[in-house]
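Colleague: I am new to this one. Could you show me how to read its features, one at a time?

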Amino acid sequence: MLAIAASLFALSLGAGFVGAIFGIGGGVLLVPALTLVLHMPIRVAIGVSLISVVATSAGASAAFVRDGWTNLRVAMALEVATTAGALLGASLAGVLSARVLEGLFAVAMVVSAIETLRQRSRDGTSPARPERGRNLDGTSPARPERGRNLDGTSPARPERGRNLDLLPTSDRLAARLRMGGSYPGQNGPVPYGVRRVLPGAALMSVAGLASGLLGIGAGVLKVMAMDSVMGLPFKVSSATSNFMIGVTAGAGALVYLARGDIATTIAAPVALGVAAGALVGSRVLVRSRVRVLRMAFVVLLLAVAAQMGWRAATGG
Amino acid sequence: MGLEDDRLLRTWTPRILRGALVASAILLVAGLCVIAATEPHAYVASYRALEHARGSTAAGRSSSVNHQIANVPGDALLVTGLLVLTLVPIARVAFAALVFLRARDWVFFALTSLVLALLFLGVVLGRVG
């Protein structure tokens, strides 16, 4: 028994660590590890993974929330979309065949790999892109006194390596919901704005669906929604995603748990391992840019996606 | 929502998350220790049954396998630990709803209440499905 529990713990420790570093929740690694390495049925793996994703989120997001990286208002608002999607996904997972789930999982891994590769060139922020010479609402920008902000104060200097055109303004809906915020920079809080809430929420509902259906945190889609669509800085998106995946996966896990579909023998050591790995991984994320590991991670994702795809196609 | 409410959320949310995680971890470790000390063979049998369920038409509905370990001492601790872990999101959303209510931030109180309602709907869906 000890050998089985220890191997499950070690496998999950690695998945939780890597998942927290890349903000993807660990499920995208855990499900293939359980199915391809330990030969578990994919539905069992999905149920266990959902539980572990909750543990990952609880472990990793606590530090981000405390340190001010997580945008709580964005998370709370978008959780409506992700939770609804997760409930639909978890319900669908109960009726789809294992091969369909494996095929969909392979697709999810390829999407994860592409998005991870895309993030390689990022350096902490993603700039909003208004029309050249215009504000986001189409009006001409006010001209402040040379070398001064509109309110007469001296302009803040952007943190080294960050984009100069990152706008701290939000669009109308985001401003009404007071979603804009700031994150801890080297020279004090760095303000940022939030835009395109509704398209972001639509993508979030897809992320929720993927989470409930495949047992993953769908952090890649969440980060994409906040970073690329809503214009949040990358590290804020990653931290907010880590926070949100707990509720998204929790919604799916509740369906599985109430259905009696969580294998306690596996879920216990896996949850412990993933939580421990996530705790360590979240500290690494805050302190490093992990560019070195990113390419290796992409190769791993694509290799496992190919294996999952092959299994779905052949049933082997 | 003022600075005080934001501080409240940022201070207590991590505590709720970590507190529930620690409680869950203690329960899960205790459950595994009890099983290891009393009926390790039941754990191994349950694990092996899951391995063999891969090719079954049920595609691994673990509810049919969990019963192998259901009456083993320690399993109740495992189930409680997993339940505590799953309730973590509910606890932190409920806490946020209370903070928004205290701040009279009605829009976010409504949004967090809706998330809570959806989470409870998940339990109902699981029971029905």
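Colleague: Which residues touch the most other members of the largest nonpolar core?

Modeller: A nonpolar core is a set of buried Ala, Val, Leu, Ile, Met, Phe, Trp, Tyr and Cys residues joined through C-beta atoms within 7 Å. Buried means 20 or more other C-beta atoms within 10 Å of a residue's own; 12 or fewer is exposed, in between is partly exposed, and C-beta atoms are placed from the backbone. Here the largest core has 140 residues, and A:Val48, A:Ile51, A:Val54, A:Ala55, A:Met109, A:Ala267 and A:Ala271 touch the most other members. Helix H3 (residues 42–67) of chain A gives the most to this core, 16 residues.

Modeller: Before we go on, this is a predicted model: local features need pLDDT of at least 70, side-chain atom pairs count only at pLDDT 80 or more, and totals for chains, interfaces and linings use all residues. Residues are numbered from 1 along each chain as its sequence is written, while chains are lettered from A and ligands numbered from 1 in the order in which they are written.

Colleague: What is A:Val48 in contact with, leaving aside neighbours within four places in sequence?

Modeller: Contact means C-beta atoms, placed from the backbone, within 7 Å. For A:Val48 the partners are A:Leu34, A:Ile262, A:Ala263, A:Ile266, A:Ala267 and A:Val270.

Colleague: How many residues of chain B are in contact with chain A?

Modeller: Chain B brings 58 residues, and they meet 59 of chain A. By class, the chain B side has 38 nonpolar, 13 polar and seven charged residues. Ala, Val, Leu, Ile, Met, Phe, Trp, Tyr, Cys and Pro count as nonpolar, Asp, Glu, Lys and Arg as charged, and the others, Gly among them, as polar.

Colleague: What is the phi of A:Ala218?

Modeller: Most residues other than glycine have a negative phi. A:Ala218 is not a glycine, yet its phi is positive, about 55°. A:Ala218 lies in the loop between helix H7 (197–214) and helix H8 (219–229) of chain A. Helices here are DSSP runs (H or I, at least four residues), strands likewise (E, at least two), numbered from the N terminus.

Colleague: Is A:Ala218 buried or exposed?

Modeller: A:Ala218 is buried, because 37 other C-beta atoms lie within 10 Å.

Colleague: Where does A:Arg178 lie?

Modeller: A:Arg178 is in the loop between helix H6 (172–176) and strand E1 (181–185) of chain A. Its phi is also positive, near 50°. A:Arg178 has 14 C-beta neighbours inside 10 Å, so it counts as partly exposed.

Terms used
Contact = placed C-beta atoms within 7 Å.
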